[in-house]
Amino acid sequence: MEVSAELTHVQDVWNQMRPKSAIYRVLLNDIEIVSASNGTMKARLLVLPVHLNSKGTLHGTVSTCLTDWAGGLAIASTGLASTGVSTDIHTTFVSTAKEGDWLEVEGRATKVGGTLAYTTIEIRKETGGVVATGSHTKYVKQ
C-alpha cells in the first residue's frame with residue numbers, strides 16, 4: 001500500500017511533537033497513525049492500564065488528550081508544519097472502553113483559516129460504538 005504525502009507529513013509532525021510533551025509520551029506513546037488525507041487523519045490505540053481511571057475504564061483525560069492530539073494532526077494533514085495553540089476544546093463522553101480494547105481515533109479539520117482552525121474528533125471502539133466525540137479550535141496564524 002502506498003503511503004500518502006499527507007500521512008508522511010502527519011507522521012513527521014507527530015515525531016517532532018512527541019519528545020516535547022511528557023503527557024503525549026505517557027498516554028500516546030504507542031498510538032499508531034494509520035492514514036491521513038487532506039484535512040483528515042486516523043489512528044488507533046490499545047487501551048492499557050495507564051489509560052484507566054479508578055473504576056477500571058477509560059479515563060476522561062485520555063479522551064480529551066486524544067481530542068487535542070487528533071485535532072492538531074488533522075490540521076497538520078492540510079500541510080501546516082505547526083498544529084497551532086488551543087483556544088477551545090470540548091469532549092463529550094458517550095460510553096467507555098476497558099483495558100484491551102482498541103480505539104479508533106478520527107480527526108477532521110472542518111475549516112483551516114488564516115487565524116483559526118476548527119476540528120471535530122470521534123473516538124470509537126474497533127468493535128463498534130462511539131466512546132467520545134470532540135471539537136477543538138486552534139489559533140494557527142503563522
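Predicted model: local features only at pLDDT ≥ 70, side-chain atom pairs only at ≥ 80, totals over all residues.

Biologist: What makes the pair formed by the side chains of T91 and T67 a polar contact?

Modeller: The side chains of T91 and T67 come to 3.4 Å, and a polar contact is a pair of N or O atoms within 3.5 Å, where within protein one atom must be able to donate a hydrogen and the other to accept it, and residues adjacent in sequence count only if both atoms are side-chain atoms. The side chain of T91 also makes a polar contact with the side chain of T64, at 3.3 Å. Side-chain values use heavy atoms, with hydrogens and water left out, and residues are numbered from 1 along each chain as its sequence is written.

Biologist: Why is T91 called buried?

Modeller: Its relative accessibility is 18%, and buried means under 20% relative accessible area, with exposed over 50% and partly exposed in between (1.4 Å probe, protein chains only); T91 therefore counts as buried. T91 lies in strand β3, residues 85-93, where helices (H or I, at least four residues) and strands (E, at least two) are DSSP runs numbered from the N terminus. Leaving aside neighbours within four places in sequence, T91 is in contact (heavy atoms within 4.5 Å) with S63, T64, T67, A132, T133 and G134.

Biologist: Why is T40 called buried?

Modeller: T40, in strand β2, has a relative accessibility of 10%, so T40 counts as buried. A polar contact of 3.1 Å joins the side chains of T40 and R108.

Biologist: How do you know that the span of helix α3 is close to the expected one?

Modeller: The expected span is 1.5 Å times one less than the number of residues; helix α3, residues 60-76, has 17 residues and reaches 24 Å from its first C-alpha to its last, close to the expected 24 Å. Of those 17 residues, 13 are buried, so α3 is largely enclosed by the rest of the structure.

Biologist: What makes up the largest nonpolar core?

Modeller: A nonpolar core is a set of buried Ala, Val, Leu, Ile, Met, Phe, Trp, Tyr and Cys residues joined through side-chain atoms within 4.5 Å, and the largest one here has 32 residues, with W14, L28, M41, L66, W69 and L73 making the most contacts inside it. Helix α3 gives the most to this core, with eight residues. In soluble globular proteins, nonpolar side chains tend to be buried together. L28 illustrates the packing: among the residues in contact with L28, beyond four places in sequence, are W14, L66 and W69.

Biologist: Why are β1 and β3 said to stand at the edges?

Modeller: Two strands pair if DSSP finds at least two bridges between them, and six strands form an open sheet in the order β1-β2-β4-β5-β6-β3, with antiparallel pairing. Each of β1 and β3 has a single partner strand, so one side of each is left without a neighbour in the sheet.

Biologist: How many bridges join β4 to β5?

Modeller: Nine bridges join these antiparallel strands, and K111 stands opposite Y118 in β5. Seven bridges join β2 to β4, with A43 opposite V105 in β4, whereas five join β1 to β2.
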